[in-house]
Amino acid sequence: MNNPVIEQLSQRRSVRAFTGEPVREDDLDAILRATQQAPTSINGQQTSLLVIRDKQRIARVAEIAGGQPQVAGADVVVVFVMDFNRTAEAAKIAGTEQVVERSAEGIVAGSVDAGIALATFQAAANALGYGSTPIGGIRRNPEQLIEFLELPPRTYPVVAATLGVPDTERMAQVKPRVPLESYAMPERYDADKVANGVAEYDAVLRAWWDAQGLTQMGTYSQDTAKTYSTIYYPTIAASLRAQGFEFTD
Ligand SMILES: Cc1cc2nc3c(=O)[nH]c(=O)nc-3n(C[C@H](O)[C@H](O)[C@H](O)COP(=O)(O)O)c2cc1C
């Protein structure tokens with residue numbers, strides 16, 4: 001389909017190599033404004049962005065995220081914070097007690113909103129020729145990041161994203177996905193389609209990694225199974241609780 005937005009979204013990929021050129025101030029401003037226009041649950045606007053440009057501070061976030069060079073090499077790092085501190089200010093004005101952060105619904109709603117903001121941020125960044133990678137690695141050490149960003153109670157760093165000028169010579173190819181029919185299913189869930197899609201995708205992704213020269217990478221099944229057989233970020237519940245969140249109805 002010949003549509004520039006569809007074309008851009010279909011070509012999106014994580015960009016982990018940057019030239020080191022700075023992101024223009026007016027571009028960053030436009031990206032942040034576009035991101036803010038994303039929808040939010042009940043218009044609560046329970047997301048805040050922490051925009052990190054100081055190189056030493058970016059290096060520290062990279063360290064917290066497990067020493068990821070793609071974070072250290074970015075010109076800007078944005079942390080997407082679930083922010084029920086803002087809505088608590090509203091509750092104060094309205095004279096009520098806010099309890100939403102002490103509910104599973106609150107954590108789900110706030111996390112969804114942060115994810116929507118991340119996707120919008122990436123789309124806006126790509127539209128202006130920049131590259132970005134989501135960084136869930138910040139949840140490796142959430143306590144350290146909370147302290148580093150001086151996050152108050154009722155807030156939580158859900159995910160981050162890098163931003164920079166892509167080094168086109170070191171740019172990854174677009175990564176294939178599971179077959180569309182096993183992803184977007186008409187009317188109701190089809191477990192057979194999903195299972196077949198996994199088997200098919202194992203071969204597709206294996207061939208793709210090999211074509212990238214990354215023969216050490218596993219298949220989809222091998223790599224996801226390896227990660228998902230562990231609780232790979234083991235302090236999420238504890239750090240959420242320390243910030244005043246509870247996962248309960
Ligand atoms: C929530 C989230 C967290 C992620 N965390 C990281 C990360 O910490 N480091 C990284 O290099 N990539 C990270 N990624 C990028 C994924 O690895 C990437 O999206 C996936 O492999 C698909 O590749 P593509 O984005 O190039 O299509 C993350 C993606 C998402 C959505």
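**Figure 1. Contacts of M217 in the predicted model.** M217 touches W209 and D223, leaving aside residues up to four places away in sequence. The structure shown is a predicted model. M217 is found in a loop. That loop lies between α8 (191-211) and α9 (220-228). R206 is 11 residues from M217 along the chain. Their C-alpha atoms are separated by 7.8 Å. M217 has 14 C-beta neighbours inside 10 Å, so it counts as partly exposed. The class runs between the cut-offs of 12 or fewer for exposed and 20 or more for buried.

Figure 2. Helix α2 covers residues 25-36, 12 residues in total. From its first C-alpha to its last it reaches 17 Å. This is close to the 16 Å expected at 1.5 Å a residue. L28, I31 and T35 are buried in α2. These residues sit on the same side of α2, because they cover an arc of only 60° around the axis. An α-helix has 3.6 residues a turn, so residues three or four places apart point the same way. On the other side of α2, E25, D26, D29 and R33 are exposed.

**Figure 3. What covers the buried residues of α2.** The residues being covered are L28, I31 and T35.

**Figure 4. The shell around the ligand.** The ligand is surrounded by 14 residues. The closest are R13, S14, P134, G136 and G137. By class, the shell holds 5 nonpolar, 6 polar and 3 charged residues.

**Figure 5. The chain behind the close-ups.** The chain contains 10 helices and 4 strands. From the N terminus on, its elements run α-α-β-α-α-β-α-α-β-α-β-α-α-α. The C-alpha trace spans about 60 × 45 × 40 Å along its principal axes. Of the 249 residues, 27% count as buried. Consider contacts between residues at least 6 apart in sequence: 76% of these join residues at least 24 apart.

Definitions and conventions
Residues numbered from 1 in each chain as written. Predicted model: local features only at pLDDT ≥ 70, side-chain atom pairs only at ≥ 80, totals over all residues. Helix = DSSP H or I, 4+ residues; strand = E, 2+ residues; numbered from the N terminus. Expected span 1.5 Å × (residues − 1). Arc of directions from axis to C-beta. Near = placed C-beta within 6 Å. Nonpolar A, V, L, I, M, F, W, Y, C, P; charged D, E, K, R; others polar. Contact = placed C-beta atoms within 7 Å.
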